[in-house]
Amino acid sequence: MKIRTLKRHFVEAFKSMGRNGWMSFASISAVTVTLLLVSVFLAILLNINYIASQIEDDVQIRAYIERTEKAENYDTYQKQLEQLDKVKTVKYQSKEEGLDELIESLGDEGEAFSSLKNENPLRDAFIIYTDKPQDTAAVAKEVEKLKFVNKVEYGKGTVEKLFKVTDAARNVGIVLVLGLVFTAMFLISNTIKLTIVTRRREIEIMKLVGATNGFIRWPFFIEGFALGVFGAFLPIVVIAVGYQAIFDIVNQKLGTVFIELLPVTPLIPQLSILMLLIGGVIGVWGSLTSVRKFLKI
Amino acid sequence: MIEMIDVWKTYPNGVMALNGIDVYIEKGEFVYVVGPSGAGKSTFIKCMYREEKPTQGSIIINGTNLAKVKERQIPKVRRKMGVIFQDFKLLPRLTVYENVAFALEVIEESPKVIRERVMEVLDLVKLKNKARMFPDELSGGEQQRVSIARSIVNHPPVVIADEPTGNLDPETAWEIMDIFKEINARGTTVVMATHNKEIVNTITKRVIAIEGGRIVRDEAKGDYGYED
């Protein structure tokens, strides 16, 4: 194909969009509505995922050391733990630090425990983080077998429940987004099909005048892509403005709590690019599948 | 130029439209194809521009056997012939100018050549001043002139017309015939299926009559020969 023919196809595509004003408007609206839903759900899904992993990352294993063990061996023990499978980091926490942490976490009521400082009932401990939070239970079991370990704590039961909840949240989100994308594809390709069905006769005529299938297809290809991309503009603006607002509110009201939302950048630029891509791909797919049907004439 | 050798066409529903057609048309000839409705005229014409593929036999136009042409090659075959229809078959969303230019765009002609040639043929069919209008703003005769302009803009050696005056009033029909005479005078072969008795009897040319899928008459200076 010559460059000037490509140029012709572009001119033709945009001319046709203008001359089929209402149909173009309908297609763009269909893309806009569905991409709006997709982007909102995606933003929610990604945040659920983000918050879930924040919670999961807080999951740790506490391995309390036998009182009879001597402090000089602790280094060796720590290395031993670090060499275990699936272990990411191991941190030593003396019983004094442990008590301070406990008192602090209990707030006012913790004051009562201050008297224990002279007679600390706690043990020295190693705090273990695993590569993946889901490995916690397995690693804890391994650690428990070690001789110098007196007791292992990792929130047995609670951790498993937490993972169940976060996994469920993720799966529901993914199913919702996939469902939406498929709905979007059908809705948009149907609208574009409608615009092309009205041009069935035109395609027939073009073939009679000696146009090849490729020649006929190109402007439709460009038009479908453009309709999809135009349809993505409004959702991008809405999600960018909306997310920024929600982000500000959440950070103001819940800033002190451990939960935080995904930062605006890179989330919004990434979502924007994704919306443009989905719009373009669906537009092209919709127009090409319908043109192909008529090209067989 | 155009040669049909033992052409048969049976449609999938069993209708036998052509039953052994043999015909030879010389370069530069003007040929009417006449016959009652349902006699096979339309199929005869459609086989010429490869809208239909014959069940048997060969159709050789411009040295290409249409019976053996592959699907992909059809556009190339059609670029070497101009086709004109009863219902004009103009692209409704393109202007007069763009409709004619389309036939040159498909062969990737340069914009300069396109402009020159389109204006040249629009001048021939006397529609230069309506180049920017859309088909639905034109009368039937004007629309048919646009479609003629489109069919001849890339100088094809053959023009095939399927009842080009069928939708037009008598006066307009004569204007259209003047254009066909002009095209033919420039050396282009014209094959025209028609029901117009007066035209065939007045502008006397070779007449091929088809009945029951066979050529029943082929006269050099013939007349219409039917009463309708």
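Two strands count as paired if DSSP finds at least two bridges between them. In this predicted model, chain B contains an open sheet of 4 strands in the order S2-S1-S4-S5, and the pairing is antiparallel. Its edges are formed by strand S2 (16-25) and strand S5 (64-65) of chain B, each of which pairs on one side only.

Strand S1 (residues 2-10) of chain B is joined to S2(B) by 7 bridges in the antiparallel sense. Within this pairing, B:Ile2 has B:Ile25 of S2(B) as its bridge partner. Helix H1 (residues 41-48) of chain B packs on the sheet, where it touches S1, S2 and strand S4 (56-61) of chain B. The direction of helix H1 makes about 60 degrees with that of S2(B).

## Overall form of chain B

Chain B comprises 7 helices and 10 strands. Its C-alpha atoms fill a box of roughly 45 × 40 × 35 Å along the principal axes. The radius of gyration of chain B is 17 Å, in agreement with the value near 17 Å that a compact globule of 228 residues would have.

Of the 228 residues of chain B, 43% count as buried. Among contacts in chain B between residues at least 6 apart in sequence, 67% link residues at least 24 apart.

## Contact between chains A and B

Chain B contributes 14 residues to the contact, and chain A contributes 14 residues. On the side of chain B that touches chain A, helix H2 (74-79) and helix H3 (96-105) of chain B each supply at least two residues. By class, this side of chain B has 7 nonpolar and 7 charged residues, with no polar residues.

Notes:
Residues are numbered from 1 along each chain as its sequence is written. Chains are lettered from A and ligands numbered from 1 in the order in which they are written. This is a predicted model: local features need pLDDT of at least 70, side-chain atom pairs count only at pLDDT 80 or more; totals for chains, interfaces and linings use all residues. Two residues are in contact if their C-beta atoms, placed from the backbone, lie within 7 Å. Ala, Val, Leu, Ile, Met, Phe, Trp, Tyr, Cys and Pro count as nonpolar, Asp, Glu, Lys and Arg as charged, and the others, Gly among them, as polar. The radius of gyration is taken over C-alpha atoms; the globule rule is 2.2 Å times the number of residues to the power 0.38. A residue is buried if 20 or more other C-beta atoms lie within 10 Å of its own, exposed if 12 or fewer, and partly exposed in between; C-beta atoms are placed from the backbone. Axes are lines fitted to C-alpha atoms, for helices over the stretch in contact, and angles run from 0 to 180 degrees between N-to-C directions.
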